[in-house]
Amino acid sequence: IAAALLFPPAAFAADAPASKPDKRQLFGTMEFKGKLQKLPKWTRVLVKMKAWKGYFKDAKTANHPSQKAWETLKSQVRGKSELDRLKAVTKFFNKWPYRLDKANWGVSDYWETPWEFLEKSGDCEDYSIAKFYALQELGFSGDKLRIVALRDAIRGIGHAVLAVYAKDDIYILDNQTNMVLSHTKYKHYIPQYSVNEHYRWMHVAPKKRTTYQKAKQ
């Protein structure tokens, strides 16, 4: 994932009102909530998705070879627990091969729609976007899902995952593993910002919170 994903230019230039800390703070960070702005790659996806009817329900994907497997998955997880549905979706989409944006699109950072992911596969944020919309078909509310741009402190690179605010925990869907674990298990993930269809959040480690707030004054 490109460095631009971690720090999009001026993405948080405007003051962002602080949201009340959730007892389940994502990766142990403080959050500053604001409107979606100056995130063109994600905004482009949202605009394209206004015509979205669901996986394999339009002409672009109607004859895709994965259609039968998706319909089978939906049937198998009907009535299952949240965690079972998360595991099924993770395993389904993680079968796509990892491909860099440079190879697919000729640019260093490109956020794909699910249509584009099904056709070309993609990199970490593209898996997260595909799962974001898949879970909404399986009964998850969009306001409980967030695509998270973060830094992997072990590998020293940018990465992206999907965070799901389930009833009992915040679970992480990661293209690097089929395991679906609590966000508390990922000590090496340092979130930079997260988004859903309506808002974005900046994430600040607790020890940096005072410095950040002083800088805003």
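A residue is taken as buried when its relative accessible area is under 20%. By this cut-off Asn-196, with a relative accessible area of 2% in the predicted model, is buried, and the same criterion assigns 52% of the 217 residues of the protein to the buried class. The protein comprises eight helices and seven strands. Among contacts between residues at least 6 apart in sequence, 65% join residues that are at least 24 apart.

Asn-196 is placed in the loop that runs between β6 (189-195) and β7. When residues up to four places away in sequence are not counted, Asn-196 touches Leu-36, Trp-42, Phe-132, Gly-142, Asp-143, Leu-145 and Trp-201.

The side chain of Ser-194 is joined to that of Arg-146 by a polar contact of 3.2 Å, and, with residues up to four places away in sequence left out, Ser-194 touches Arg-146, Ile-147, Val-148, Tyr-199, Arg-200, Trp-201 and His-203. His-203 itself lies in strand β7 (residues 199-204) and is likewise buried, at a relative accessible area of 6%. A polar contact of 3.0 Å links the side chains of His-203 and Thr-29. Apart from its neighbours within four places in sequence, His-203 is in contact with Leu-26, Thr-29, Met-30, Glu-31, Arg-146, Pro-191, Gln-192, Tyr-193 and Ser-194.

Trp-42 and Phe-132, both of which touch Asn-196, also take part in the packing of helix α2 (residues 40-48) against helix α7. Two packed helices are described by the angle between their axes and the distance between the axes. For α2 and α7 the angle is about 35 degrees and the axes are 13 Å apart, and α2 passes α7 in a right-handed crossing. In this contact Trp-42, Val-45 and Leu-46 of α2 meet Ile-129, Phe-132 and Tyr-133 of α7, so that the contact residues divide into six nonpolar, no polar and no charged. The three α2 residues, Trp-42, Val-45 and Leu-46, are buried; they lie on the same side of α2 because they cover an arc of only 100 degrees around its axis. Besides α7, the elements against which the buried residues of α2 pack are β2 (145-152) and β6.

Helix α7 (124-137) also contributes to the covering of the buried residues of helix α3, together with α4 (82-93). The buried residues of α3 (residues 67-77) are Trp-70, Leu-73, Lys-74 and Val-77. They are placed on the same side of α3 because the arc that they cover around the axis is only 95 degrees. On the face of α3 that is turned away from this buried side, the exposed residues Lys-68 and Gln-76 are found. Just after α3, Gly-79 takes a positive phi of about 85 degrees.

Positive phi values also occur at residues other than glycine. Most residues other than glycine have a negative phi. Phe-56, although not a glycine, has a positive phi of about 65 degrees; Phe-56 is placed in the loop between α2 and α3 and, at 4% relative accessibility, counts as buried. Phe-27, also a residue other than glycine, has a positive phi near 55 degrees. The position of Phe-27 is in the loop between α1 (3-6) and β1 (30-35), where Phe-27 is buried with a relative accessible area of 13%.

Methods:
Residues numbered from 1 in each chain as written. Predicted model: local features only at pLDDT ≥ 70, side-chain atom pairs only at ≥ 80, totals over all residues. Heavy atoms only, no water. Buried < 20%, exposed > 50% of the residue type's maximum accessible area, 1.4 Å probe, protein only. Helix = DSSP H or I, 4+ residues; strand = E, 2+ residues; numbered from the N terminus. Arc of directions from axis to C-beta. Contact = heavy atoms within 4.5 Å. Axes fitted to C-alpha atoms, helices over the stretch in contact; angles between N-to-C directions. Left-handed = near helix turned anticlockwise from the far one by under 90°. Polar contact = N/O pair within 3.5 Å; in protein donor to acceptor, adjacent residues only side chain to side chain.
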